[in-house]
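Dear colleague,

Please read the notes with the coordinates open beside them.

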Amino acid sequence: MCYSLAMRNKEKFKENSLHKQFIEYGANAKKWTRKCVLLLPEIERHRVWKKKGFSSIYEYAAKLAGMSHNTVDDALRILRKIEDKPALRKVVEEKGIGAVRPIVTIATQETAGFWAEKAREMSKNTLEVYIQEFRGLSRPRTKSEPVKDPSAPAAAAEKVSISMDLDPEIADKLEKLKGQGDWNTLMKKLLEPREPKPIPIETNSRYIPAKIKHHITAQTGKTCAFPGCKRPYKILHHTERFALYQKHDPDKIIPLCKAHEQIAHHGLIGNENLAPEKWKIRKHADAENPKHYIDQVVRCYYGLS
Ligand SMILES: [Zn+2]
């Protein structure tokens with residue numbers, strides 16, 4: 001019995017050691033590939049590959065560094081776009097070419113430092129969603145409404161037209177319900193919660209009581225509550241941070257997708273304590289806000305930065 005336990009422990013130790021070694025070698029391999037990638041534009045400019053007897057830069061990069069044709073093309077294309085932005089080249093060195101891909105078309109020489117900071121802190125997916133919000137693209141806009149400045153309020157002042165495919169009897173029922181009123185008033189009424197709102201609960205437990213959870217998700221279905229987002233929600237996010245108040249308040253818990261939750265924990269949602277339609281995307285986190293420290297701990301815990 002003891003013998004077999006010792007064998008199992010020995011086996012486990014061996015597996016852990018193999019895994020650790022693989023992680024270390026993998027990290028080194030990635031680091032050196034990133035260094036090779038950064039040399040490619042110069043290698044191409046001086047046609048070093050030709051002078052050293054290779055038929056193309058692809059053969060050169062494949063034989064000497066194990067790079068694929070696509071990797072070389074991608075790297076040359078992206079590095080050409082950021083050659084005048086040293087801050088972004090630094091991110092390529094640290095995180096690889098993929099980390100700057102979402103920002104190559106948006107970053108200018110003036111904003112390269114700002115975007116480098118975001119690319120360094122955020123995962124690729126979160127960065128892509130942040131850029132969408134930054135440009136105001138995910139929110140429904142009327143035809144005449146221009147792309148908004150990120151510091152402008154989130155809610156659109158003008159009305160938005162939508163069309164729906166409905167069964168004739170449903171359309172008829174809706175028309176009757178609307179009567180002489182207008183569609184906006186009817187829809188507002190239909191969206192009102194049917195059941196009374198549960199009272200906030202103060203507790204040490206992070207577990208959100210079922211009644212509160214049900215009330216919250218009934219407002220947005222299974223969808224993220226960030227304006228314009230259509231992704232399914234993954235997290236019930238405490239806009240006032242549970243760690244600060246130990247409270248489950250139905251007005252301060254919002255269903256969010258992973259990317260928008262991460263943007264919230266980067267401190268980049270302004271007016272976060274108000275309803276989502278009042279939210280706006282921030283350029284920088286507010287370091288004075290008590291949430292800032294909690295967010296740093298959360299990001300550290302989830303390995304977000
Ligand atoms: Zn979302």
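**Lys197 and its surroundings**

Leaving aside the neighbours within four places in sequence, Lys197 is in contact with His215 and Pro250. Please keep in mind throughout that this is a predicted model. Lys197 sits in the loop that runs between helix 9 (183–191) and strand 1 (201–202), and it counts as partly exposed because it has 13 C-beta neighbours inside 10 Å, where 12 or fewer would have made a residue exposed. Asp249 lies 52 residues from Lys197 in sequence, while the C-alpha to C-alpha separation of the two in space is 10.0 Å.

**The chain as a whole**

The protein chain holds 13 helices and six strands, and its C-alpha trace spans about 80 × 70 × 45 Å along the principal axes. Its radius of gyration is 26 Å, whereas a compact globule of 305 residues would have one near 19 Å. Of those 305 residues, 23% count as buried, and among the contacts with a separation of 6 or more, 57% join residues 24 or more positions apart.

**The largest nonpolar core**

This core has 45 residues, of which Leu88, Val100, Ala119 and Leu256 touch the most other members. The elements that give it two or more residues include helix 1 (2–45), helix 5 (86–95), helix 6 (112–121) and strand 4 (253–256). Since domain 1 (15–135) and domain 2 (200–302) both give residues to the core, it lies between them. Ala119, with neighbours within four places in sequence left aside, is in contact with Val91, Ala99, Val100, Ile103 and Leu127.

With best regards

Definitions and conventions
Residues are numbered from 1 along each chain as its sequence is written. This is a predicted model: local features need pLDDT of at least 70, side-chain atom pairs count only at pLDDT 80 or more; totals for chains, interfaces and linings use all residues. Helices (H or I, at least four residues) and strands (E, at least two) are DSSP runs, numbered from the N terminus. The radius of gyration is taken over C-alpha atoms; the globule rule is 2.2 Å times the number of residues to the power 0.38. A residue is buried if 20 or more other C-beta atoms lie within 10 Å of its own, exposed if 12 or fewer, and partly exposed in between; C-beta atoms are placed from the backbone. Two residues are in contact if their C-beta atoms, placed from the backbone, lie within 7 Å. A nonpolar core is a set of buried Ala, Val, Leu, Ile, Met, Phe, Trp, Tyr and Cys residues joined through C-beta atoms within 7 Å. Domain bounds come from an automatic or database domain assignment.
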